[in-house]
Amino acid sequence: MIKTVESTETATVQKTVVYQECGVVVTYWSGGQIVGQETITSDQPDLQSCQNFQTGVKVALWAAGFWLS
Amino acid sequence: MKKILLLSSILICGFYFAQQVHVKYLRVLSSFTTTHEDLYIKNNQVLSIQDSIIINNKLTDSWTLGVNLDNGKKPAKQYFVSDLDKNNEAERNFFFTSNVDSREFFIYDKVPQPKWNIEEKETKTIAGYKCQKATTMFRGSKVTAYFTKDLPYSAGPFKFYGLSGLILDIRVDNKDYDIWKAESVDVNDKSTIAFKPQFLKKEKISLKDYVAVKEAHMNKIFAKLSDALPKNYKARVTTNQRFSVEQKYEWEEKLSE
């Protein structure tokens, strides 16, 4: 008689999400000269999220009534 | 012999101070934009006019967002008015025009004479004139100038002065903008120039107050964007609003001492 012992191992894999700093520079112009600059950064998990963030800044500028060149 | 030399000097000086001099400078405003500045000198009066026509040389980098605060309006010409002072002046009075949003200003500025370091052996020919190199610190920026003793005026574009000849090239070190380079010099210019233009409609203001108005306006703009950013971004914002050659003013230096 053969005795079979079944063993089940459960491995828990923790997914580590690495956040990277994502940024966009907003340059304000007047009379051909730079009069101000803002660097807006945020931690984002991947390139897609970073691009979404950058688009979000653009939308915020439009919403604030700025004239994007 | 001495009398002949004296007479020659008087004649040469008389010739230069009776004539109207016009220097056309290429003015590099930023890494992407240029314009022209026209400097006129006659009978100790100096007027420099920065043109309103801005030439865009190339687009900004794709990772930057450009916001035009002129809202499509054509920029105004900028005037810089001053007088030559034959005495050893410690400072010179300048009056210049500028806009902040829709407000137009006529600004009074007392510019301390820069302490120039002249490098006699460093020469360059600009617009047909042999020029000498000089360096100084101008309001927090290291600048290098080339001036010519052949045009004995202590003047230059913008608010630059203090050398024994006219400045034909001046630029902020290690920058690809804030550059003024003479393209042409006419020592017998015939154009009619109002050396003391009246700006009756503009608000008269001191430089210190003007800087405060300008920076308060930019802070409002920065705040407007911050308010419009979605809060879930947890965005960090750093700002900077001093991009010109004037990085630090006299009253700020006194405060930091």
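## Burial and make-up of chain B

Of the 257 residues in chain B, 27% are buried, a figure that, like every other value in this report, is computed from a predicted model. The secondary structure of chain B consists of 3 helices and 15 strands. When contacts in chain B between residues at least 6 apart in sequence are considered, 48% of them join residues at least 24 apart.

## Make-up of chain A

Chain A has 69 residues, of which 30% count as buried. Its secondary structure amounts to 1 helix and 2 strands, and, followed from the N terminus, these elements are arranged as β-β-α. Among the contacts in chain A with a separation of 6 or more, 29% are between residues 24 or more positions apart.

## Where the two chains touch

The contact between the chains draws on 31 residues from chain A and 36 residues from chain B. On the side of chain A that touches chain B, the elements giving two or more residues are strand S1 (20-30), strand S2 (33-44) and helix H1 (47-63). S2(A) gives the most to this side, with 10 residues. By type, the residues of chain A on this side divide into 17 nonpolar, 12 polar and 2 charged.

## A sheet built from both chains

Strands of chain A and chain B come together in an open sheet of 4 strands, whose order is S5(B)-S1(A)-S2(A)-S15(B) and whose pairing is mixed. Why do S5 and S15 of chain B each have one side without a neighbour in the sheet? Strand S5 (64-68) and S15 of chain B stand at the edges and have a single partner strand each, so one side of each is left without a neighbour there. From one strand to the next, the twist averages 20°.

Helix H2 (residues 207-228) of chain B packs on this sheet, where it touches S1 and S2 of chain A as well as S15 of chain B. The direction of helix H2 of chain B makes about 30° with that of S2(A).

In general, the strands of a sheet pair through backbone hydrogen bonds, either parallel or antiparallel. Between S2(A) and strand S15 (residues 236-240) of chain B there are 5 bridges, and these two strands run antiparallel. Along this pairing, A:Ile40 stands opposite B:Val237 in S15(B), while A:Thr41 stands opposite B:Arg236 in S15(B).

## Nonpolar cores

In soluble globular proteins, nonpolar side chains tend to be buried together. The largest nonpolar core in this model has 37 residues, and those with the most contacts inside it are B:Val23, B:Ile41, B:Ala145, B:Phe147, B:Leu166, B:Ile167 and B:Leu168. If neighbours within four places in sequence are left aside, B:Ala145 is in contact with B:Ala134, B:Gly156, B:Phe160, B:Leu163, B:Ile167, B:Asp169 and B:Ile170.

Although B:Asn87 and B:Phe106 are 19 residues apart along the chain, their C-alpha atoms are separated by 26 Å.

Terms used: Residues numbered from 1 in each chain as written. Chains lettered and ligands numbered in written order. Predicted model: local features only at pLDDT ≥ 70, side-chain atom pairs only at ≥ 80, totals over all residues. Buried ≥ 20, exposed ≤ 12 C-beta atoms within 10 Å, placed from the backbone. Contact = placed C-beta atoms within 7 Å. Nonpolar A, V, L, I, M, F, W, Y, C, P; charged D, E, K, R; others polar. Pairing = 2+ DSSP bridges. Axes fitted to C-alpha atoms, helices over the stretch in contact; angles between N-to-C directions. Core = buried A, V, L, I, M, F, W, Y, C linked by C-beta atoms within 7 Å.
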